[in-house]
Structures are given as structure tokens and as C-alpha cells.
Amino acid sequence: MSYDCVQEHQDGLATAEMSATPARVGPNAVIQLAIVLQLRLGEARARAVFARAGFAPMLDDLPDEMVDERIPAALFSALFAELDGETAASVAEEAGLATADYIMANRIPGFARTLLKLLPGPLAAPLLTKAIAQHSWTFAGSGAFSATPGSPIVVEIADNPLAMPGCAWHRAVFERLYRNLVSRRTTVTHTSCCHDGAPACRFTIDISGGGPSRASAS
Ligand SMILES: [Zn+2]
């Protein structure tokens, strides 16, 4: 069974189908989605999304450790099946921003955050890119992550297991990390997508205009 693209999980997955050694991603792909759905759209619609994915009970027992990548993949697919595209993308974006906030608060040591913010953007960018690459399995799962430094930075996730229309979740994760730690002016563009049949999701990260202007949030 291939897990190239999220639409293949349209009907959700029964737990029994899951293999013994699935690729895993960080639990925030599930946790932040649940929180954003509940806060923005209410309990009933959050439950409808989780139920469509086949994971209704998980809403009452959110994961606290790495999860099978097929769970958030099915949830993201259900998100777009249950809601209109604009709302679904907006929810995914907000969940991605919250995931980046969690990463910054819990996965990047305080001294590293301070260092990144003190360094000029062009020097901070490769350090952050390297840190992201080292932890890429937490958001890329079985997908093959690669990053090419430069201006812009090009990040690719081949066979992205969490692809969705426009990949608002990944785009938001990258944008908030680079905006807060490298340059507030960073823009992230999603230029090709596994969901559309491309072999890889590609994101171009442009930090131009960076330097002294850094977001104050840590
Ligand atoms: Zn994509």
C-alpha cells in the first residue's frame, strides 16, 4: 500500500490495517488540529472530522507521543472532505502555526532561540534549516526531506504523507519558524505538491528583507 498522498486515505483507516512499524510523526499534527477545530468550529464539527477519519475516540484521548503518520494523514483528508476548502485550509494553517509555536517552546533550547534571533538573518537561516532537517522526521514521517540553502531556501518533502490541497499545515509551520527565528519578513511559497501528483512537495522560503526585524515572540 502506498502512502504517497493523503487523498488515498479518503475513507479513513481501521486500526487493524496498521502495520507494526509505521512511520511516525509528532503528536502535534493531531493535537493542534483537534484544538483548533474545537475552538473555531465547536465540538460537533471537530467530532465529525475525527469520525470521518475513523478516529472519533481520539478526540477524547489525544496522543502524547509520536503517532502513526496515517492518523494525521486521514484527519487532514477528512478535514477537507468535511469542510469547505477555504475553511479547511484556514484550520490547517492555524494548526500548523500552533505546532510551530510548540516546537519553538519545547524543541528548540532557549539559548539556541536567543542565538538565532541575535544573528543576522542570512546567518541564522542555515542554522535553523539544519535544525529543521535534523528533526524532519517529526513532520515529514516517511517522506524524504531535503533542504537546499540559498536565497530562497528550497525545502522538499518527497512522497509527503501529510500532503493536502495547498499544504497549508506545512507552509504555516515553516513560515512561523523562519519568521520568528530568522526574519519577520519571511514568505513561504508552496510551488509543487504531492497532492497534485508531483513527486515532492516543494516550499521556497524567502527571508529577504530580514536582518534587524525579528518577531518578539519566542
Ligand atoms: Zn504539498
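**Close-up views of a predicted model**

**View 1. Confidence along the chain.** The protein has a mean pLDDT of 88, with 86% of its residues at 70 or more, pLDDT being the predictor's confidence in each residue on a scale from 0 to 100. Over residues 1-19 the pLDDT is below 50, and this stretch has 44 contacts in the model beyond near neighbours in sequence, a contact meaning heavy atoms within 4.5 Å. Because the model is predicted, local features need pLDDT of at least 70 and side-chain atom pairs count only at pLDDT 80 or more, whereas totals for chains, interfaces and linings use all residues. Residues are numbered from 1 along each chain as its sequence is written, and side-chain values use heavy atoms, with hydrogens and water left out.

**View 2. Packing of helices H2 and H3.** Helix H2 (residues 43-53) packs on helix H3 (residues 70-82) at an angle of about 120°, their axes lying 8 Å apart. The two helices are therefore oblique to each other (angles under 35 degrees count as roughly parallel, over 145 as roughly antiparallel, 65 to 115 as roughly perpendicular and the rest as oblique). On the H2 side, Arg 45, Ala 48, Val 49, Phe 50, Arg 52 and Ala 53 meet Ala 74, Leu 75, Ala 78, Leu 79, Ala 81 and Glu 82 of H3. The residues of this contact comprise nine nonpolar, no polar and three charged.

**View 3. The aromatic pair Phe 76 and Trp 169.** The ring centres of Phe 76 and Trp 169 are 5.7 Å apart and the ring planes stand at 50°, so the pair is tilted (ring centres within 6.5 Å make a pair; planes under 30 degrees apart count as stacked, over 60 as edge-to-face and the rest as tilted). Since Phe 76 lies in helix H3 and Trp 169 in helix H8 (residues 168-181), the pair ties together parts that are 93 residues apart in sequence.

Technical notes:
Axes are lines fitted to C-alpha atoms, for helices over the stretch in contact, and angles run from 0 to 180 degrees between N-to-C directions. Helices (H or I, at least four residues) and strands (E, at least two) are DSSP runs, numbered from the N terminus. Ala, Val, Leu, Ile, Met, Phe, Trp, Tyr, Cys and Pro count as nonpolar, Asp, Glu, Lys and Arg as charged, and the others, Gly among them, as polar. Rings of Phe, Tyr and Trp (its six-membered ring) pair if their centres lie within 6.5 Å; planes under 30 degrees apart count as stacked, over 60 as edge-to-face and the rest as tilted.
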